[in-house]
Amino acid sequence: MREIVLSQKEIQEITKGLGEKLTERFKSASSAPVFVGVMKGALNFMMDLIKNVDVPMMTDYIQISSYEGTESTGIIHLKRDLTLDIKGKSVVIVEDIVDTGYSLHYLKEYLIEKYQPKEVIICCFIDKKCARKIDVDVDYVGYTIDKPAFLMGYGLDYNEFARNIDYVYIPPKEEIELYDKLSK
C-alpha cells in the first residue's frame, strides 16, 4: 500500500504559493529571470510552478545525475548543460527534491563559475533536511519532510518509473521489486 505524502490538490497549492512568492520577488525586476529546471525530476514541478509565476521569464533545463536506485551516490554527473546565456541574469534553479545537498551545491557553484549570473536562487519542491550531508541554502521550499523516506511520483522516480504519477508517495517494497523486474 502506498503511503501518500502529498496529494494532487496539495501539490497545486504548493505551486500556486511558490509562484505567487516568485512573482512578488520579480515583479519590479529590470530584466527577466531565467528559470532553470533540473531534469528529469523537476520537469513536472517546473511546468506547474511557472504557470503560477506572473512575470516575463525565460526557461532552460540542465541535467545532472547522482542516484543509483534509491540512494544518492554523492558523485555528480553533468549530462546536459544550459542553452541560454545567463550571464548577469537572475537564475532560479527549480529542483524536485533536496536531500544530501551535494547536487544543488555542485549545480550552484557550476553555474556561478561558468556563467556569472547576477544571482542564483534555489526553489525546491521538497526539502528532505534529515538527509542533508552538505549545507545548501534553499530560498523557496514547497514542502519539508522530516523522515528519511524514499519518495516517488510527480517527477520523483525509481530508475525512471513513476514520474507520471500525479501525487507524491512512499513506495512499498513490492512496488520497487516490480520495477526492478520490469526494467530487465
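Guide: What follows is a close look at one loop and its salt bridges, and then at some other parts of the chain.

This is a predicted model, in which local features need a pLDDT of at least 70 and side-chain atom pairs count only at pLDDT 80 or more, while totals for chains, interfaces and linings use all residues. Residues are numbered from 1 along each chain as its sequence is written, and side-chain values use heavy atoms, with hydrogens and water left out.

The loop lies between strand E7 (140-144) and strand E8 (168-170), and one of its residues is Lys-147. Helices (H or I, at least four residues) and strands (E, at least two) are DSSP runs, numbered from the N terminus. The side chain of Lys-147 forms a salt bridge with that of Glu-3, with N and O 2.7 Å apart. This pair links distant parts of the chain, since Glu-3 sits in strand E1 (residues 3-6), 144 residues away from Lys-147. A salt bridge here is a side-chain nitrogen of Lys or Arg within 4 Å of a carboxyl oxygen of Asp or Glu, and the whole structure has 14 of them.

How accessible are the two partners? Lys-147 is partly exposed because its relative accessible area is 36%, and Glu-3 is partly exposed because its value is 39%. On this scale, buried means under 20% relative accessible area, exposed means over 50%, and partly exposed is in between (1.4 Å probe, protein chains only).

Most residues other than glycine have a negative phi, and most peptide bonds are trans. Tyr-154, which is located in the loop between E7 and E8, has a positive phi near 50°, and with a relative accessible area of 5% it counts as buried. Asn-159, in the loop between E7 and E8 as well, has a positive phi of about 50° although it is not a glycine, but this residue is partly exposed, at 38%.

A network of salt bridges links Asp-157, Glu-160 and Arg-163 with Lys-40. Within it, the closest N and O atoms of Arg-163 and Glu-160 are 3.0 Å apart; Arg-163 is buried because its relative accessible area is 17%, whereas Glu-160, at 44%, is partly exposed.

Arg-25 is partly exposed, with a relative accessible area of 36%, and Glu-119 is partly exposed at 24%.
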